[in-house]
Every structure is written in structure tokens, then in C-alpha cells.
Amino acid sequence: MGVDQLSALERATAEAWSTPLETLDVSRAERFAANTHWPFFARLRKDDPVHYCAESAHGAYWSVTKFNDIVAIDANHGVFSSQDNIVIGDQPADFTPPMFIAADPPKHDAQRKAATPAVSPARLADLEALIRERVGTILDGLPRGETFNWVDRVSIELTTQMLATLFDFPWEDRHLLPYWSDVTTSTEIVGNSSLGEENRKRILMECLEYFTRLWRERQAAPPKFDFISLLAHDPATRDLPSNPLEYLGNLMLLIVGGNDTTRNSITGGLLALNENPVEYDKLRNDPSLIPNMVSEIVRWQTPLAHMRRTALEDYEFRGKKIKKGDRVVMWYVSGNRDEEVIDRADQFIIDRDRARHHVSFGFGIHRCMGNRVAEMQLRILWEEIMKRFPRIEVVGEPERVTSNFVLGYTSLPVRISA
């Protein structure tokens, strides 16, 4: 952590603990970009773990910031609904593509079940050799003795190749997938996007047109295990294109879900090891720690900072009276730093006990269905890195996206010794 960032964090800490609770707003995206959001969540966990913010750029909302409270809200889909939106900011009313993560049972369950075989354990076992070969090719092509952007050369490239495989997407056009993912989340990325809403709609409609062609091809062919074929042949989803916005919404969900979690954990993991050299030494001395380290990386990075629910009825929770229609935000990024549940939660420890005990993938019926894909990619990547490079050195400050939803990076300058 550089001197400038340290002083910024010190200033943020002073602000977090001096701001009156009734005016404290943890949703400000610029704090996530500066990596100074941590003390604000520490304040809420200590002083007001179920906190009402009456005024923000996104309107009024409740913040749930402790691990067990997040699990309780996430598991209670009968009271706290995912219908229509799952992030703190509202989408424009005239362009809100429905998707199964933003739906309740039974619709959610049927659509999710249709797509799940693409990322089943058996399917991933079949893909492991292919992923390992691709990882090796990416790593062997990296420059030695010169600075390059890890995000572009490794994080984006690896996740793009995996997405193309899961969709059986034309290989020569695979660069469109991370582009569409970034456009999808652009309403939440305030500072790094000059798209404008009309351009965003236009680009996503081009995405829909491309995938509609793929749908027709897969529907006419025998069933396979890619996302499009599975959806096209399942009774619960085979009519999706008759509602084009719903088809687009589910595409957006699958693309973003397959891109952001892994892509930003790949970057965040390398950064964490460089910031914690004792842990990097542990890894060098014992590469068998990699599977456990992968879970710690996912906890530490928390690639998606939050998910939102809407109260379907008046409900008392932890002594607070949540009213019907209130927006309730589960801050996974805060739950993963809850010292009452996770020992030394503010430390990155690759051999910690129960490393998979985190909330980065959510909980209950909406738990990330691609969590095993993300873990497998990270595991294979670090297994192959450790065969080749004793150290990959971060040589500059990371650049983070300006978002309170996607905790991601646009740049991480690194160097591999010649």
C-alpha cells in the first residue's frame, strides 16, 4: 500500500468514525475505487449492523453488514424478494431485462436448473485438461523482464476463453463477451464509462441479436452441454426468445457471472500475495496449499460487493422494523470481514482453517451456480504459475473500477523476472 493510499485510508477512517450514523452512506462508489470503504463497514458492524440510510444517490436502503445476518436475509426468500433487481441502484424503468437471479421461485428454480448442467462437476472434470492447456499457453506467452498489465494479459484472457467454452461461442469473436459484460455493468460503474444509456441499450441489443442467431442454430441441432443449447432444449426455457428482453437478461446474468467473479479474483489474488509476502513464501514452500488459498482469495476479494432484496411485508429483524417495499442490501464485502465469525478477518491467510466459510458466492437458492468453475480456474492457474514462476512482482498501484457492485480492476502492472 503506497503512502498516498495509506493517508487516504487514514482520512477515511477518521470520517467513518466521526460521521453521525443517521447520515452514513456506505454505497458511494468512489470509496470502492479508492479502496477506502473498509472503515465505513467496520463502523456499521460495530455500531449499527442493520442500518437505515434515508438518503443516498440510490434512494433509501437498509445495510446488512454482519456475516450471520447476511446469511439469514439471503436464505429468507419468502420475505426478502429478488424480483426485478438485485443491486442497490435501480435500472432505467424502460430497460430492465428480467433474469432468473432477479426472480423468485418457481420461475427462478426452473430457469436456473436448465442452465446448471453446463457447470456441473462432471462437465468441469471433462473441461479441466482443456483449461490447463489454455492456461499454460497464456502463461508461456507472457513477457519476461518487462512491465505488463496482468488484467489484460491473464485475468481477462483466461475468463474470456472459459466463457467462450461454456457458451460454445465462436472463438474468433470471443472478445465480445468481456465487452458485453462491461457494458452490462456500466450503470453501476460510474467513473470508468462514458457509454450513456442509449449506447448501452444499442450495444446490448446487438448482443441479443448475436445470441438469437446462436439460439436458432442450437435449437435445430442435437442437445449439447453449452448454456445456449441447454436453455434451447429445456421445456422450462425453450421459449425464452419469445420474450427477447428476458432472454437478454439471462444472457447478461450468465456472461457477467462467468466473467467478473473469476476475472477479479485472478487479479486480486496476485495483488494480495504481493501485499503479504509471508503468504507468498508459504505458497512457494508448499504449493499443496493452492486449493485452500483459492477460497481465501475469493473471500478476500469478494468480487461482487453486494446483492439487494426487497421486503415483501413488514418484518422485524434484529430489532429493526423493515417495512414492506424497503430495499435491503446484503454487503458481502463486509460480511467477509466479520471478526465474530472469521478469525483475523482483516488478514490474508492462505492456510486458514475453514477457508470456504465466506459469503462471496451468496447463500441459499441464489448461491452462485458457477462457484466451482471459478474455483477450478483459479486453482489451475496457480498450479501452472507455480510450475513456471517463483514470483510475479506487482510493480505499481492497481487501478480499480468505480463501482459499489463489481469489485474489480482495470490495471495491475506486474513484471516477471527475465
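1. The side chains of Arg-132 and Glu-383 form a salt bridge, 2.8 Å from N to O. Arg-132 belongs to helix α6 (residues 121–140) and Glu-383 to helix α15, so the pair ties together parts that are 251 residues apart in sequence. Arg-132 is partly exposed, at a relative accessible area of 21%, and Glu-383 is likewise partly exposed at 21%.

2. This is a predicted model, and the contacts discussed here should be read as such. The average pLDDT of the protein is 88, and 89% of the residues score at least 70. Over residues 187–193 the pLDDT stays under 50; for that stretch the model has 21 contacts beyond four places in sequence.

3. Arg-132 and Glu-383 also belong to a network of salt bridges with shared partners, which joins Glu-128, Arg-132, Asp-140, Arg-379, Glu-383, Glu-384, Lys-387 and Arg-388. The structure as a whole holds 33 salt bridges.

4. Another salt bridge pairs Asp-338 with Lys-66, with 3.0 Å between the closest N and O atoms. Asp-338 sits in the loop between α14 (332–335) and α15 (371–388), while Lys-66 sits in the loop between β2 (61–64) and α4 (67–75), so parts 272 residues apart in sequence are tied together. Asp-338 is buried, at 2% relative accessibility. Lys-66 is buried as well, with a relative accessible area of 13%.

5. Arg-174 and Glu-157 meet through their side chains in a salt bridge of 3.3 Å, N to O. Arg-174 lies in the loop between α7 and α8 and Glu-157 in helix α7, 17 residues apart. Arg-174 is partly exposed at 21% relative accessibility, and Glu-157 is partly exposed at 24%.

6. The count of aromatic pairs is 15. In one of them, Phe-32 and Trp-331, the ring centres are 6.0 Å apart and the planes stand at 15°, so the pair is stacked. Phe-32 is in helix α2 (residues 29–34) and Trp-331 in strand β8 (residues 327–331), so the pair ties together parts 299 residues apart in sequence. Phe-32 is buried at 2% relative accessible area, and Trp-331 is buried at 0%.

7. The rings of Phe-169 and Trp-180 have centres 6.1 Å apart and planes at 90°, so this pair is edge-to-face. Phe-169 lies in the loop between α7 and α8 and Trp-180 in helix α8, so the pair ties together parts that are 11 residues apart in sequence. Phe-169 counts as buried at 4% relative accessibility, as does Trp-180 at 4%.

8. Helix α9 (residues 197–220) has 24 residues and spans 35 Å from its first C-alpha to its last, close to the expected 34 Å. Its buried residues include Ile-203, Leu-204, Cys-207, Leu-208, Tyr-210, Phe-211, Leu-214 and Trp-215, and also Arg-200, Lys-201 and Arg-218. Among the elements covering the buried residues of α9 are α7 (150–167), α8 (176–184), α10 (227–233) and α11 (244–275).

9. How many disulfides does a search of the whole structure find? The search returns 0 disulfides. Of the cysteines, Cys-207 is buried with a relative accessible area of 1%, and Cys-53 is buried at 1% relative accessibility.

Notes: Residues are numbered from 1 along each chain as its sequence is written. This is a predicted model: local features need pLDDT of at least 70, side-chain atom pairs count only at pLDDT 80 or more; totals for chains, interfaces and linings use all residues. Side-chain values use heavy atoms; hydrogens and water are left out. Helices (H or I, at least four residues) and strands (E, at least two) are DSSP runs, numbered from the N terminus. The expected span of a helix is 1.5 Å times one less than its number of residues. Buried means under 20% relative accessible area, exposed over 50%, partly exposed in between (1.4 Å probe, protein chains only). Contact means heavy atoms within 4.5 Å. pLDDT is the predictor's confidence in each residue, from 0 to 100. A disulfide is a pair of cysteine sulfur atoms within 2.5 Å. A salt bridge is a side-chain nitrogen of Lys or Arg within 4 Å of a carboxyl oxygen of Asp or Glu. Rings of Phe, Tyr and Trp (its six-membered ring) pair if their centres lie within 6.5 Å; planes under 30 degrees apart count as stacked, over 60 as edge-to-face and the rest as tilted.
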